[in-house]
Amino acid sequence: MTQSDHLIRLFIPEASTRVHAVQLQGSWRQIQSLHPDEPAPAHHLLGEMAAASCLLSASLKYEGSVTLQIHGDGPIRLAVAECNAQMGLRGTIKRAQDAQIAPTASQRDLINCSGLGRFSLILDPMQPHQKPYQGIVSFVGDTLSEAIESYMAQSEQLQSRLWLFCKGEAAAGLLLQQMPHEGGHCGSTPDARQEGWNRLSMLAQTLTASELLEEDLLSVMNKLFWNESVRLLDERSPRFHCPCTRARVGRMLTTLGVEEVTSILSEQPSVSVTCDFCNTPYSFDAVDCARLFNDPLPTEQSTLPGPQTPQ
Ligand SMILES: [Zn+2]
């Protein structure tokens with residue numbers, strides 16, 4: 001288990017509460033290095049989204065992937081973070097053309113300056129018989145963590161608290177979720193569970209960004225919940241992973257339609273597509289494109305479209 005990219009899940013029976021904590025270093029550095037021209041506030045947002053996507057993927061009741069997408073109304077038009085069931089993580093961010101971002105810009109300034117920002121969460125169970133679930137909501141609150149908390153309160157009706165941090169080369173997060181049915185066997189009363197929940201929320205509130213970003217994650221959790229009876233559920237290692245392939249990009253091109261692709265080919269010798277997540281270039285000449293439309297490749301299961309853009 002590497003300490004630099006580390007996710008742990010704990011259960012605190014008395015409060016019937018699950019604790020998910022994540023610390024990203026290597027994987028976050030890689031995402032950041034693939035978007036080197038973005039200013040610090042944009043990196044900050046993307047780092048928090050990466051941490052949140054890991055926490056949400058780990059909190060699903062099934063093995064599945066989570067895609068967080070923000071469609072902003074300010075200088076950031078699109079930001080995406082994806083974490084699959086194996087904790088493979090990728091992210092991308094796009095600015096509006098010529099948009100400038102002040103070094104002190106808040107998350108509201110970046111993505112919700114006119115109150116028109118939208119936030120969507122795609123949960124993909126990665127099972128052939130189960131369809132991905134997508135929820136799209138307005139961006140509520142001033143920060144990403146507030147928007148996700150508000151979304152979870154509406155959709156899951158579980159008490160949830162989320163803290164997200166990103167600074168320089170590290171991103172981290174902590175998610176508390178009260179489980180309504182798991183505490184029954186331990187004999188705690190509803191009052192004791194609520195009291196426990198309030199106590200854990202207050203403890204988590206005392207956590208500083210530098211503790212969660214820089215210190216050993218398990219030690220931080222032990223220190224924070226030293227007086228609680230804590231069960232370690234599991235530990236995992238998030239890592240950077242982009243599942244883009246030539247076949248997937250080819251399928252994306254066919255969705256543009258034969259007229260659009262022919263029109264691009266009338267102006268240039270090939271259609272070039274660069275993966276927005278990992279910057280891998282793909283090129284399709286006239287022969288490749290004819291083959292795409294005449295001899296489509298078999299579809300793979302569960303291929304959520306990425307925001308690749310033909311150029
Ligand atoms: Zn890629």
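1. In this predicted model, seven bridges join strand E3 to strand E6 (residues 118–124), and the two strands run antiparallel. Within this pairing, Gln69 has Ser120 in E6 as its bridge partner.

2. Strand E3 (residues 65–71) also pairs with E4, again in the antiparallel sense, over six bridges, and Ile70 stands opposite Ala79 in E4.

3. E4 pairs in turn with strand E5 (residues 88–95), in the antiparallel sense and over seven bridges, with Lys94 in E5 as the bridge partner of Leu78. The hairpin of E4 and E5 has four residues between the strands, and in this hairpin Met87 takes a positive phi near 65 degrees.

4. These strands belong to an open sheet of six strands, which has the order E7-E6-E3-E4-E5-E11 and mixed pairing. Its edge strands are E7 (133–138) and E11 (239–240), each of which pairs on one side only.

5. Strand E4 (residues 76–83) is largely enclosed by the rest of the structure, because six of its eight residues are buried. Helix H2 (residues 40–59) lies across E3, E4 and E5, and runs at about 35 degrees to E4.

6. As to confidence, the protein chain averages a pLDDT of 89, and 92% of the residues score at least 70. Over residues 301–305, however, the pLDDT is below 50, although this stretch has nine contacts in the model beyond near neighbours in sequence.

Conventions: Residues are numbered from 1 along each chain as its sequence is written. This is a predicted model: local features need pLDDT of at least 70, side-chain atom pairs count only at pLDDT 80 or more; totals for chains, interfaces and linings use all residues. pLDDT is the predictor's confidence in each residue, from 0 to 100. Two residues are in contact if their C-beta atoms, placed from the backbone, lie within 7 Å. A residue is buried if 20 or more other C-beta atoms lie within 10 Å of its own, exposed if 12 or fewer, and partly exposed in between; C-beta atoms are placed from the backbone. Two strands pair if DSSP finds at least two bridges between them. Axes are lines fitted to C-alpha atoms, for helices over the stretch in contact, and angles run from 0 to 180 degrees between N-to-C directions.
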